[in-house]
Amino acid sequence: MGMKSIVSRYRCPRCNIFNSINVNRIFDGRMLFSCSECNICAVVPKYADVDGHDSAYLEFLDLYDNGHVANSDDLNVTMQQERILRPPQEIDKLLEVNNYGSNNKLLRKILHSQQDYVVEYRLIQDSNSGIRCPVSKLSIDDRLVSILSKKGIKHIYEFQEESINNILLGEDVVLVAPTASGKTEAFCIPILQKISEYLQSSCSKSNQTRPIKGQIHAIFLYPTKALSRDQLPKIMTLAASLGISVDIFDGDTPREEKNRILSVAPQIIITNFDVLHYHLMHRTTFSFALRTSKFLVIDEAHVYTGIFGANIHYIVRRLERLCTNQLQIIAASATLPNAGQFCKALFGREMRVIRGEGRRGKVNFVMLFPSLRSNRSLVIDLVKQTTAEGHKTIAFNNSHLGSELLSFYLSRQGIKNKVHRAGLLPSVRRTVEQAFKYGKLMTISATPTLELGIDIGNVDAVISGIVPINRLTQRLGRAARRGQEGYAFLALGNDPISQYYCLHPDDYFADQEQVYTDPSNPFVQEYQILAMVCDKPISKSEYETDVAMSKTIQALVARGLIIQTEKSFVPNFKKAYEILDEYSIRGIGNTIDIFFSKVRLGERALPKAIEELHENAIYFLSGRRYQVRKLHYDTQHKEYPYYAELVSVPDDYPYYTKALVEEWPSIIEVHEQKRAFGIEVKYCSLKIQKKVTGYTNIEIGQETMQGKKIIFSTPIEFEFITKGFVFRAPRPIDILNDANDENYVEMSGYHASEHVLIEGSSMITGGASQDMGGVSLGSSGLIFIHDSGIGGNGASRALYDKFDVTMKRALAILCECPCKVESGCPRCTYSYRCGNNNEYLHKMAAKEVLDRAVSGQQTEIDQDIPADLTLV
């Protein structure tokens, strides 16, 4: 059947041949025994991992003695009936419906592997139906028409025409279209046209033949310096046709270049929000040059979510305070389903949403469910097969650890690859990008860092873990980007939401990512209003018209950071800069710097860092494993007060680690409350006391979520403020009536409910589960779900708003998972982020809890109920 066996050391009861029995684990925990010689086989129930194979083998022998074994062909039929495998004729029908793929050997081999359930196959190809307007018909300068023609652009898409016309009319616009569809041209053309008209008008008024130089008219903002440099040639080519100058000003710009830019400013400056934040608050020459700007372009706007987005909200406000013109804002993204709502929160204004499609080649899209192997085995096999055919491949993971583990396993199997993720030094990421672009590297194991529009050359195949459909569409934009045929594989996993989508694939295509941010984050407000007063004193009238800002200003005055004068509020510059120069707009709080042999290799933000960089933790970096010798807290060290010291580990070291975590939440303030069905739910500010009590050693190569526990003599503690919501779950009374240990079953039911609510919400909230944590307070029934970022990032708010839909989805996941184990399994109740080693879980109790909730049972929150144990 082409499956990879777990073990092959048993004797066949029919042909009596030793080592002929292969054992394979099915996705629901059952085991398949088959003889490679005489082809008998049988499926037996799941057994405990301690003696699971031996106990299951005895069951297999018993099935044989009672005549309950089959041959391989009969078993194939059974597995097709149970949706473990898809019948070959159905797979062929999928290819036939799409009128493609029958002669594609790679595609047929993957679809007919008999190791995965083929959920969906679609051939995605550009219809060119959106092309409408000849460039020559646009109300733009003939020189722009000429340069576009030379670039092979003689017609534009409908969305580009709409964007050009609305920007020319002065509208604030958010442009949503796929990667490589022509978004840059859609906002560049009208901005260049308007700058050219302004420069010509200035010449006429001053009776000069050449435009007056030295004024910035447009600011183009990109989330990374690499992307800025990637986009520069395209923008410069268009701008040069009209005699408009363009420059990049960021941390990588040489000093002599900066001096030239400051002496004669270009009409368009390309930079990033980090640079704006620094120069505005330090009142530099560059900040004064920005004040003549008329246009603000924010590309890859979907990046500015959570805490980062809250900072961007205030930086835009600060820039608007200083500019002498009303800024026209243009945002662009490949993926923003809730574009209008999100951009209103981000920029504080209504914006016209323009959506479009663009050109790409043929993309073979396949959704696979790994029914007879692990998700990681599936992804490794896909990488092997695509690269063996000479296809350049990116495998996207949703976490740092996932990308590092995949790289580690690929290297073990001789597949050359590199990791591309946040936390690596920028120089390391650039080296990986260049190696891939010029064909020196065939495979990258990446996190969403490579979703951005950086040109890394041809990409033939994209393999992705589970992400919302609009995020997947952006990743697909990498495949066949230059018009060639490509492959895109969505590899479902061992998790609740993958289990759900395997049974309900249409829901996957209907669920859309809702991008979120929370500008009311109190910590961001304090830092950014302190920066705002450094930019320019805040007048009494400003203070009096903004209640939220006035409260924050008074708090800063009390701390001696702002000084109140008769007419305005001014900064205590010395104290303010001491705080602001240590602040990162991409997160709140300190980071842990990572050192190996006294060389800085990267960083990790708190509070997550204490889970990954505790003493003896195994830390993956660029596909290699290191061990943390010591985690240092040295507040006297100005440059690196917090850092982790790594040492190398042998290649044959058998483990990696996962932290054991406790969290104790308490409510600071209730902001909003509602009922979901009959459940009272309160959205609050919370204080989280976080403890890392130890860790588990998980064996490399074992697809398990549990491991041997090591407990610290002294826990690592960290306390932070965030936002989240709390509710009280209904008691699973029917299950408790039959329970031997009522307390254990009850707390395990609540813990399992918390897991499946967070994990199952992922696509409903747009992948926000990655940015959330959860705590169930023992047998009290109180469950807290909170933002993982300090101060709050908006993720739990996205779940709070859709909590009723999430409860229904979570109940469906539990009802449809076929596992019979008390605790459940990775596809229903387990969580990779569990801080309790996936212990204290009870599937049937959780099912009753959620069934009662969805049926409308009333519950009230009692904050005074004591908790005997917190389960994270």
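The secondary structure of this protein chain comes to 29 helices and 35 strands, where helices (H or I, at least four residues) and strands (E, at least two) are DSSP runs numbered from the N terminus. Please keep in mind that this is a predicted model, in which local features need pLDDT of at least 70 and side-chain atom pairs count only at pLDDT 80 or more, while totals for chains, interfaces and linings use all residues. Residues are numbered from 1 along each chain as its sequence is written, and side-chain values use heavy atoms, with hydrogens and water left out.

Of the 872 residues, 57% count as buried, a term that stands for under 20% relative accessible area, with exposed being over 50% and partly exposed in between, using a 1.4 Å probe and protein chains only.

Let me turn to the cores. In the largest nonpolar core, which has 64 residues, Phe 725, Phe 727 and Phe 803 touch the most other members; a nonpolar core is a set of buried Ala, Val, Leu, Ile, Met, Phe, Trp, Tyr and Cys residues joined through side-chain atoms within 4.5 Å. Helix H28 (residues 803-816) gives this core its largest share, seven residues. A second, separate core of 61 residues includes Ile 216, Ala 265, Phe 342 and Ile 529.

Next, a pair of strands. Strand S33 (residues 772-777) has six of its six residues buried, with Met 772, Gly 774 and Ser 776 pointing one way and Gly 773, Val 775 and Leu 777 the other. Five bridges join S33 to strand S34 (residues 782-787), and the two run antiparallel; strands are said to pair if DSSP finds at least two bridges between them. Within this pairing, Val 775 stands opposite Phe 784, and in the hairpin, which has four residues between the strands, Gly 778 takes a positive phi near 50 degrees.

Finally, two helices. How do H10 and H20 cross, and at roughly what angle? The axes of helix H10 (residues 273-281) and helix H20 (residues 522-535) come within 7 Å and cross at roughly 50 degrees, axes being lines fitted to C-alpha atoms, for helices over the stretch in contact, with angles running from 0 to 180 degrees between N-to-C directions. That makes H10 oblique to H20, since angles under 35 degrees count as roughly parallel, over 145 as roughly antiparallel, 65 to 115 as roughly perpendicular and the rest as oblique. His 277, Leu 280 and Met 281 of H10 make the contact with Gln 528, Ala 531, Cys 534 and Asp 535 of H20, where contact means heavy atoms within 4.5 Å.
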